Amino acid sequence: MLEDYFRQYGLIAIFALVAFAVPTSLLAASWLLSRLKIRPQNPTPVKLEPYECGVQTIGGPWNQFNFRYYLYAILFVIFDVEVVFLYPWATRFISLELFALIEMAVFVGILLIGWAYAWRKRDLEWGN
Amino acid sequence: MSCQLASDSILYANGIYRVVYEIVGVVLPCWVAYAIAGLVFAFILVNAVLLGAAAITWGERRLLGRFQNRVGPNRWGPFGLFQPIADLVKLLTKEDLRPDGSDRVVFSLVPVLMVAPLILMTAVLPFAKNTALASLNVGVLYILAVSSITSVAIFMAGWSSNNRYAMFGAARAVAVLISYEIPVVLSLLGVVMVAASMSLGTIVEAQALPFFLVQPLAFFVFMAGMSAELNRSPFDVAEAESEIIAGYHTEYSGVRFALIQAAEFGGVGVVAAITATLFLGGWSGPWSEYLGWLWFLIKTGIIVFLFIWFRATYPRLRIDQIMAFSWKFLLPLAMVNLIAVTLEVFLLRGDDGVLTVTDLAIMGVVNLAVTVIAIAVFGNLIKERVSFRTRQPQNVVVPGVSTIEVI
């Protein structure tokens, strides 16, 4: 049975190779078409300008600007870690005792209090 | 030399796999047979995803046409069915530009990284009884993990394009993706809990009553969250054409653009297939178990139609509304669903840890009431307070300037 288990991941590995090969082969086909002169490939400096409604871009795209949602990002990490713990618990919950329910209630409860606090402090508003 | 699968093997139950494996195994060594059987499955799934994406581009344009009182593409082939092929030929023969100052490696990697995870997501989908490439016992986690690669690809596209609009689009897309990941993942907890397994095959078999009836709240949260994860209307600020051109794929042209579009429309199909498996009972249906693939396709089609219907119906939301919808509406709803399902499972389960059909029906009725109450309560909480008092124009005097009318 254990061998069987790894065989399935082997199949996924083969599948992953195919999944990456298919889009790559399309890109290669496009390159080949340009080599065979079926597809045009004559870039000019004007064509290669970044699109900006016809005007010259001032400054690059990588100057500093406020991403605004770093608070959401922090909350996301907290909740995502919570969910990682919840999944194994949920899988086996149907045959677990009352203790498992109380334990998870405490765990989720603490997080919910934190979430309510973030809401109260207006951290869930965009741009704060 | 011949290869036989042990009858207690997980792969033995998979009819297509076993037949290919044993026929090839007659002439070739077993490990080659193993690889070839896997490749046959890969061929089926890759074609399903790419043809599905093509079909959905056609279906979406036709249906959107109908929704907006026009015809939609109808020139190439019957009902315009060859339109996707014409599009592909056109995009393949177009010049493929990479703007000055863009990051060459990252820019070229993006189309591959958009399409590959999408195809990989189908690996655990059972499209007929016992027929999946790999029926992993962590199927749900696998799908969630693979699907989040897309957000990295989107950010790579925005960052490497050397274009401000692309950067803004990518920043918005990541904001939306991380916000809606949480409600989606939390809503699936209820499904996992009732099925007592993360394997998609077991989840389908557990659906004596389809889970969208048992947990309407989870279904609602999942559909709303997935529309956002797919960057579809009403959550499509990441590529809002009236504000930031095309968002993160502004600079893509030619075949790279074709691949990104394929990933977008294929994503609708794959997510619809996952939704059909998790909430609509997947391949299970009346008559014969050999018709499983047909039921699966029909259910997937219904969900795809729902996604297109959403797109045609709802206007685009602002980014702050999108954030509020996720963190103040969907997240509490997912939590309510989790708590309700936990308590119901705890109270209704038998001594042997089994839920009967009657238990599922009771859960469905209770959860329907919970859904209505929760949506009413939390909908009221995030309602925007709009005052309809009409404002009178005021005359503002600015020194040095003539009077300006401010409305």
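1. Two residues are in contact here if their C-beta atoms, placed from the backbone, lie within 7 Å. This is a predicted model: local features need pLDDT of at least 70, side-chain atom pairs count only at pLDDT 80 or more, and totals for chains, interfaces and linings use all residues. Residues are numbered from 1 along each chain as its sequence is written, while chains are lettered from A and ligands numbered from 1 in the order in which they are written.

2. Chain B has two parts: domain 1 (1-90) and domain 2 (94-381). The bounds come from an automatic or database domain assignment. Over C-alpha atoms, the centres of the two domains of chain B are 21 Å apart.

3. Where do the domains of chain B meet? On one side are 21 residues of domain 1, in contact with 18 residues of domain 2. Helix 1 (15-27), helix 2 (30-67) and helix 3 (83-92) of chain B each give at least two residues to the domain 1 side. Helices are DSSP runs (H or I, at least four residues), numbered from the N terminus. Helix 2 of chain B has the largest share, 14 residues.

4. The domain 1 side splits into 15 nonpolar, 4 polar and 2 charged residues. Ala, Val, Leu, Ile, Met, Phe, Trp, Tyr, Cys and Pro count as nonpolar; Asp, Glu, Lys and Arg count as charged; the others, Gly among them, are polar.

5. Between chains, 62 residues of chain B are in contact with 52 residues of chain A. Helix 7 (164-195) of chain B is among the suppliers of the chain B side. Helix 7 of chain B gives the largest share, 13 residues. The chain B side holds 41 nonpolar, 11 polar and 10 charged residues.
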